[in-house]
Amino acid sequence: MEPAKQLFSHRKYWAHRFGTAPFLPMTRAEMDELGWDSCDVILVTGDAYIDHPSFGMAVIGRLLEAQGFRVGILSQPDWQSAEPFKALGRPNLYFGVTGGNMDSMVNRYTADRRLRHNDSYTPNDEGGKRPDRAVIVYSHRCREAYKDVPIVLGGIESSLRRIAHYDYWSDKVRRSILVDAKGDILLYGNAERAVVEVTHRIAKGDKPADLADLRGVAVMKDRVPDGWVEAPANDLDDAAEGARRLEGDTVVRLPSFEQVEKDPEAYARASRVLHRESNPGNARALVQRHGNRELWVSPPPIPLTTPEMDAVFELPYARAPHPSYGDAKIAAWDMIRFSVTIMRGCFGGCSFCSITEHEGRIIQNRSEGSILKEIEQIRDKTKGFTGIISDIGGPTANMYRMACKDKRTEELCRKPSCVFPDICPNLNTSHDSLIQLYRKSRDLPGIKKVMVASGVRYDLAVKSPAYIKELVAHHVGGYLKIAPEHTEAGPLSKMMKPGIGAYDKFKELFDKAAKEAKKEYFLIPYFIAAHPGTTDEDMMNLALWLKRNKYRADQVQTFLPSPMALSTAMYHSGFNPLRPIRHGASEPVETVKGLKQRRLHKAFLRYHDAENWPLLREALKNMGRADLIGPGKHQLVPNWQPAGTGLSGGEGRRLGRKHGVQTFTTKGVLKRR
């Protein structure tokens with residue numbers, strides 16, 4: 001892997017003389033106060049503007065400000081016309097467009113495609129402040145406002161929709177979002193390196209479409225440039241799956257949009273190849289035909305070094321919502337205002353999760369000193385701080401400073417996970433650095449307690465009983481949430497999650513540590529219903545496990561096929577992209593698609609809810625397991641029904657009766673029929 005240019009080594013743009021803004025401006029009046037006649041870059045986001053490193057627009061805005069550019073923010077603009085997109089004037093360089101910290105469709109709709117009436121990233125939790133498919137809608141409005149201004153797409157919505165992808169909400173394969181949004185360039189993953197390079201290059205006069213030499217970008221081309229050798233992965237009768245190593249500059253050809261739209265097996269092949277080409281140490285460029293043009297996706301960005309991570313997190317954030325929101329409550333801000341991010345990335349590779357796909361599987365760490373400095377800033381500057389750090393973690397609580405023992409091995413590896421089916425022997429699983437960080441953080445003056453609320457990867461934690469002891473003694477507050485996701489081997493193998501035995505081992509160590517600490521703590525396990533590869537019998541066995549262990553799950557999750565996930569490829573195609581994909585040799589996957597079956601799987605997780613008993617009794621009889629109906633401890637549901645219950649039809653149906661049947665619009669306006 002070639003060394004990357006240091007993130008802050010560019011010569012600053014001339015506008016750096018204006019200095020640092022207290023908040024990046026959202027109005028012309030704020031620009032006037034800063035002495036600006038224009039913005040160099042205008043960032044358009046579907047979230048409220050919170051100037052804090054947990055929010056993507058703040059990170060990108062402050063990073064570009066540090067490079068010398070004047071950056072304005074259009075937060076949740078009214079998308080019904082182009083006028084609100086002219087509020088800050090014409091940007092000198094480009095519009096940067098994102099849907100926000102979440103995909104706008106995931107943010108707006110549940111796993112049952114029902115409307116959410118709240119939005120945690122909006123003042124006072126108000127729903128409907130961003131359009132469906134926000135990146136597409138915002139981009140079109142930017143183009144209407146200033147036709148000749150380049151549009152740069154970024155954020156998780158763009159990142160996970162960078163190639164042709166299955167869209168759960170329309171139940172069809174859609175083109176790359178770059179095509180539908182009519183953007184000029186797309187930046188995917190953690191885009192600090194790409195956005196700095198792109199901005200400086202555009203400032204020098206380069207066109208966005210000519211920046212395909214940069215890592216972590218996608219552009220449209222008329223054809224594959226001369227001098228490139230194609231490794232075909234679009235022929236499903238070829239067993240190579242584009243894996244052949246060829247001499248010279250190589251681009252891997254994915255099945256075209258037209259192929260994946262019509263052929264589910266071709267879709268599974270494209271998904272498999274994309275994920276195999278995800279290691280920045282050995283990934284090659286990808287090309288996918290869309291009509292008469294080529295979508296070109298360059299290799300993933302090189303991860304940030306620890307000094308670069310420190311510098312990004314130490315940019316001059318106001319660490320607060322923009323003053324224009326007044327005293328409005330913003331749930332996403334309330335959740336993270338007293339938390340600290342210590343790392344990025346996840347090498348778990350869970351097939352249903354977007355973290356690895358977006359942030360990569362190489363862990364990017366902050367230094368101990370930078371983390372402790374941020375805790376002191378929270379203590380000294382954040383309004384309402386009571387001495388408790390609400391979380392110290394990241395995508396996973398306990399992957400801090402973990403990495404492959406050998407750099408060369410890491411660069412050559414193509415495995416989608418470092419911990420499935422077993423923990424790789426090349427992985428350093430030491431928790432020593434994390435234990436030391438915990439101790440130093442809680443010893444800071446004015447800090448009463450440092451909580452760990454991020455998900456603990458329990459199969460890693462069992463490698464360090466000392467870590468579990470430290471965690472329980474000092475960093476848990478009554479409950480600890482972890483995610484075994486299931487108990488049965490079938491679904492777990494498709495999720496790329498460890499067997500339930502790893503959970504049992506962790507619980508044993510957790511309970512022992514709690515007893516030694518003379519504290520009464522409990523584990524709260526999370527499970528997924530209706531994941532590909534899950535049968536009705538699997539869910540029944542999970543429900544029986546829950547009852548035996550006296551768990552009553554109140555908040556349960558039904559599998560939501562998010563764009564680009566491997567599980568989504570299973571859901572859509574019916575094939576397993578974790579195995580070779582080719583005609584006649586692809587492994588089929590049982591998928592749970594019908595609403596009734598999805599409701600049933602969710603009902604098994606809430607076996608204790610009387611509303612679900614009629615549905616479960618019917619299912620158990622059909623499965624030949626009527627022996628599980630009755631009053632016994634070994635039985636799942638009783639054969640009697642409390643008066644006034646069981647009339648809703650079980651999980652899911654009752655949630656839709658109030659609001660009726662829904663259709664979706666790209667403008668985010670809900671219509672009913």
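This is a predicted model: local features need pLDDT of at least 70, side-chain atom pairs count only at pLDDT 80 or more; totals for chains, interfaces and linings use all residues.

Me: How many bridges join β21 to β22?
Reply: Strands here are DSSP runs of E with at least two residues, helices are runs of H or I with at least four, and both are numbered from the N terminus. Two strands pair if DSSP finds at least two bridges between them. Strand β22 covers residues 522-529 and runs parallel to β21, and the number of bridges joining them is 5.

Me: Which strands are at the edges of that open sheet of 3 strands?
Reply: The order in this sheet is β21-β22-β23, with parallel pairing. An edge strand here pairs on one side only. That describes β21 (479-485) and β23 (557-558).

Me: At about what angle to β22 does helix α22 run?
Reply: Helix α22 spans residues 595-605 and lies across β22 and β23. Axes are lines fitted to C-alpha atoms, for helices over the stretch in contact (heavy atoms within 4.5 Å). Angles run from 0 to 180 degrees between N-to-C directions. For α22 and β22 the angle is about 165 degrees.

Me: Why is α22 described as largely enclosed by the rest of the structure?
Reply: Buried means under 20% relative accessible area, exposed means over 50%, and partly exposed is in between (1.4 Å probe, protein chains only). Among the buried residues of α22 are R598, L600 and F604. The helix counts as largely enclosed because its buried residues number 8 of the 11.

Me: Which strands stand at the edges of the open sheet of 10 strands?
Reply: This sheet has mixed pairing and the order β3-β1-β4-β5-β8-β9-β13-β12-β11-β10. Each edge strand has a single partner, so one side of it is left without a neighbour in the sheet. The two are β3 (71-75) and β10 (229-232).

Me: What is the bridge partner of V251 in β12?
Reply: Strand β11 (residues 250-253) is joined to β12 by 3 bridges, and the two run parallel. Strand β12 (residues 285-290) is mostly covered, with 5 of its 6 residues buried. In β12, V251 has as its bridge partner A285.

Me: Which residue in the turn between β12 and β13 has a positive phi?
Reply: The strands β12 and β13 pair in the antiparallel sense over 5 bridges. They form a hairpin with 2 residues between them. The turn residue with a positive phi, of about 65 degrees, is G291.

Me: Is S298 buried or exposed?
Reply: S298 lies in the loop between β13 (293-297) and α10 (306-313). Its contacts, leaving aside neighbours within four places in sequence, include Y188, L214 and A285. A polar atom of its side chain also lies 3.0 Å from the backbone nitrogen of G216. With a relative accessibility of 3%, S298 counts as buried.

Me: Which residues have the most contacts inside the largest nonpolar core?
Reply: A nonpolar core is a set of buried Ala, Val, Leu, Ile, Met, Phe, Trp, Tyr and Cys residues joined through side-chain atoms within 4.5 Å. The largest one has 79 residues, and its largest share, 8 residues, comes from helix α19 (residues 500-516). Those with the most contacts inside this core are V456, Y467 and F506.

Me: How many disulfides are there?
Reply: A disulfide is a pair of cysteine sulfur atoms within 2.5 Å. For C404, the closest cysteine sulfur is in C424, 6.2 Å away and therefore too far for a bond. The sulfur of C418 is 6.1 Å from the closest one, in C413, which is also too far. By this rule, the number of disulfides is 0.

Conventions
Residues are numbered from 1 along each chain as its sequence is written. Side-chain values use heavy atoms; hydrogens and water are left out. A polar contact is a pair of N or O atoms within 3.5 Å; within protein, one must be able to donate a hydrogen and the other to accept it, and residues adjacent in sequence count only if both atoms are side-chain atoms.
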